[in-house]
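Thanks for making the time this morning.

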Amino acid sequence: MLRFIATVIRREFLLAFRRPADLISVLFFFIIASSLFPLGVWPHVDTWRRLAPGALWVSALLATLLSLPHLFADDYRDGTLEQLVLGAYPLAFAVFGKLVAHWLVFGVSLALLAPVFAFQFDLPGHALWTLFLSLLVGTPALSSLGAIGAALALGLRGGRVLLSLLVLPLYIPVLIFGAAAVEAALAGIGANAGLSFLAALSLAGMFFTPPLIAAALHITME
Amino acid sequence: MTEKPRSHLSVLNLSCRRGETKLFGALSFDLGAGESLHVCGANGSGKTTLLRFLSALSFPDDGEIFWNGRSIGHALCDYRSRLAYLGHRDAIKEELTPIENLKLAALLSGEDFDPESARGALKRLGVPDGDAIFCRRLSQGQKRRVALARLSLLDRPLWILDEPCAALDPTAAGEVASMIDAHLSSGGLAVVASPSEDAFPHARKLRLSASC
């Protein structure tokens, strides 16, 4: 079973590597979206720090949202999703592998990139470290909650707009705890509470959503 | 390899309606090891629907499907890992080479991958350069051949093929027919849908018509 999941992860890596435009466009979206916030409040330099946690986390949410349509749509279109259903293990295991790969490709890249572009908000070093950690432990929740929406909106006309409407409300708790963790680091109080909540959301998401996502995919394929 | 248990597929009173119209009703048949069934009928007569029922990708309104005497609803996962399905879509990743496609398909089906036999299967079906070209560059018919090579590599007793010869030239279509024969003679089963009546002369025929 571990070998099966590892194969799914390897497959997703190979496909992401052969199709780098997906990742690059998501990362550039994050860079541009997060750069708009300082420009919008340009004269008030003192507000930048207060704006930073929310702005960076909202940019990361939107960037993740941009990556979701590819999660199942390509496999659905070319028929490989049907073959995954007929694989050696139930579809939920393949979905779990896809979520892990999605996190490693998009979530970890965003977490690595965010501190670099957080410099424009004049954040101190320890807040950058917390920002990195919060994105690292928070993005699995973004991948797994988003995948529910991606599976439900699969194959629908105008599915992308529906996907945003379905997924963004689910992202609210992640946003609150993620931004609060960075805020706490800025204020000099410990960020551990926020990070622990994010980790809990991510673990719950990664382990409880794959069966739901698999059920949604089965319904779409019928 | 150990002696394979004899496989048996039987279908009892299967029916399907699409809205108000009845596609087919009270469909029953038995298929034993080494036997094949050719599902023919006009476009829209329910061939693909029937094949998707048989591959447990969707479920009928009425009737049951038994694999080795057990209803597939009770052992869905086990049944799904006994069959190989080739649908209208080839299930080929365009970003990968044919060999990479076959390797992933084999590993995801829980089987070992032997690159030599994969190259052999591709060669038999006339796909050159198994690892020198991305599937994006292959023609529609060549992609179909890669998809057929996948079938021959998987060790699965029941083949469910939806118009396997679509987009293929006559030579490749002949190769498909002999592939199916080889599969049957090694104790496999095959259900093949194709609109042409005389495509598979050795197979039993099941004619679907919208009025039955």
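By contact I mean heavy atoms within 4.5 Å, and on that basis 30 residues of chain B are in contact with 29 residues of chain A. Please keep in mind that this is a predicted model, in which local features need pLDDT of at least 70 and side-chain atom pairs count only at pLDDT 80 or more, whereas totals for chains, interfaces and linings use all residues. Residues are numbered from 1 along each chain as its sequence is written, chains are lettered from A and ligands numbered from 1 in the order in which they are written, and side-chain values use heavy atoms, with hydrogens and water left out.

The area buried between the two chains, that is, the accessible area (1.4 Å probe) lost on putting them together, summed over both, is about 2600 Å², and carbon and sulfur atoms give 57% of this. On the chain B side, Arg89(B), Lys93(B) and Leu108(B) lose the most area to chain A, together 28% of what that side buries.

Taking a salt bridge as a side-chain nitrogen of Lys or Arg within 4 Å of a carboxyl oxygen of Asp or Glu, the rule finds seven across this interface, and one joins the side chains of Arg52(B) and Glu82(A), at 2.7 Å from N to O.

Cys165(B) is in no disulfide, and the nearest cysteine sulfur, that of Cys40(B), is 14 Å away.

Conventions. A disulfide is a pair of cysteine sulfur atoms within 2.5 Å.
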